[in-house]
Amino acid sequence: MGLLKRLRAAPAEAIAPAVPESTPGWLPVLSPGELLQPHAAVLAQVRQQVGVPIAHWNALYQPLLEGYAAFVQQLPASEAHHHRERGGLLQHGLDTTLTALTLRRGILLPPGSTAEHLAEKQDVWTYATASAALLHDLGKPVVDQQIALRTRDGCELGRWNPLAGPIRPPAAYYSIHYVRGRRYRLHTRLPPMLTHHLVPAQALEWLVQDLDVFEAWLAVISGGDSELAGPLGQIIHQADGVSVAGDLGGDSGPVAAVAARRPLAERLAAALRRPLRAVAAEAAQGEVRQQADRQQGQQQADHAAALAA
């Protein structure tokens, strides 16, 4: 909460698009504003779900969303599976984020806390939810795709190195090629190597100040231990599944075509009809197991002390 209190409103920077002319086989490098404009409705819903003041939105969420858009550009999320069309990775990230935030409203984080503690940690858990959902597939351009770059006048620049950050000038165009013999789900372990390019430094500092939040968040974005990820991991997993199923369920056209998806509102409604209580129940069971372990440990210590006496 200390970070949120320190933030002050700052005027939004105007974005002046300068879209290059289309080049066959190459996509133009676009600004975050150009990339996010078609998703204005989803972004408005994300902002509503987050429910933070404009100062906090501008400082924490807007840079994250713009950084993600600048990084993934119009890359597809896969070659022949979900969100395989142009811009699919951006669409999937935003859909998953909105769905995760909607699901998060039905889950108390952290589980087993008092009302005061839940209220105190609400905003940081919400940010962890949004950022983990957005970043969960960020490693795909690193190991699943190879992106060739060129300047506006056609000079070849070689391959983009995502580990060095988003595509920058003088690159003006890029083309997408898929790595053959890709290692299944290796991309899920890479987002921690990329987050500093997208997540504001003050947001990372905020997350790490609460080790329970940070441990769960890190487990999610590194494809790590599901027990460490806890309810946060379950939320992201379910939201990811809703986005994937919604895209595949509505895609009846060729690979190159833009998929005809079920409306996002319909997919969210379907997700919310699923038994969210199961997520909460699993979290509660975890709390019960931890309490039982603590009680057993105390009993063993008491028994040892009695024998020593």
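Me: Two strands pair if DSSP finds at least two bridges between them. By how many bridges do strand β2 (residues 145-150) and β3 pair?

Reply: This is a predicted model: local features need pLDDT of at least 70, side-chain atom pairs need 80 or more, and totals for chains, interfaces and linings use all residues. Numbering starts at 1 along each chain as its sequence is written, and side-chain values use heavy atoms, without hydrogens or water. Strand β2 and β3 run in the antiparallel sense. Their pairing covers 3 bridges.

Me: Which residue of β3 stands opposite L149?

Reply: Look across from L149 to β3. The residue there is G158.

Me: Which residue takes a positive phi in the hairpin of β2 and β3?

Reply: This hairpin has 5 residues between the strands. A phi near 95° belongs to G154.

Me: In what order do the strands of the open sheet lie?

Reply: The sheet has 4 strands with antiparallel pairing. Its edges are β1 (27-28) and β3 (156-159), each of which pairs on one side only. The order is β1-β4-β2-β3.

Me: How many helices and strands does the protein chain have?

Reply: Helices (H or I, at least four residues) and strands (E, at least two) are DSSP runs, numbered from the N terminus. By that rule, the protein chain has 12 helices and 4 strands.

Me: What share of the residues of the protein chain count as buried?

Reply: Buried means under 20% relative accessible area, exposed over 50%, and partly exposed in between (1.4 Å probe, protein chains only). The protein chain has 309 residues. The buried share is 48%.

Me: Of the contacts with a separation of 6 or more, what share joins residues 24 or more positions apart?

Reply: Contact means heavy atoms within 4.5 Å. In the protein chain, residues 24 or more positions apart account for a share of 72%.

Me: Which residues have the most contacts inside the largest nonpolar core?

Reply: A nonpolar core is a set of buried Ala, Val, Leu, Ile, Met, Phe, Trp, Tyr and Cys residues joined through side-chain atoms within 4.5 Å. The largest has 64 residues. Helix α4 (residues 54-72) gives the most to this core, with 10 residues. The residues with the most contacts inside the core are Y68 and Y127.

Me: Which residues does Y127 touch?

Reply: Leave out residues up to four places away in sequence. Y127 then touches L60, Y61, L64, V199, P200, A203, W206 and L207.

Me: Is H237 buried or exposed?

Reply: H237 sits in helix α10 (residues 226-250). In space, 8.7 Å separates H237 from A100, C-alpha to C-alpha, although they are 137 residues apart in sequence. The relative accessible area of H237 is 63%, so H237 is exposed.

Me: Is G87 buried or exposed?

Reply: G87 lies in the loop between α4 and α5 (88-104). The relative accessible area of G87 is 15%, so G87 is buried.

Me: How far apart are the C-alpha atoms of G87 and Q74?

Reply: G87 touches Q74, L75 and P76, not counting residues up to four places away in sequence. Along the chain, G87 and Q74 are 13 residues apart. Their C-alpha atoms are separated by 3.8 Å.
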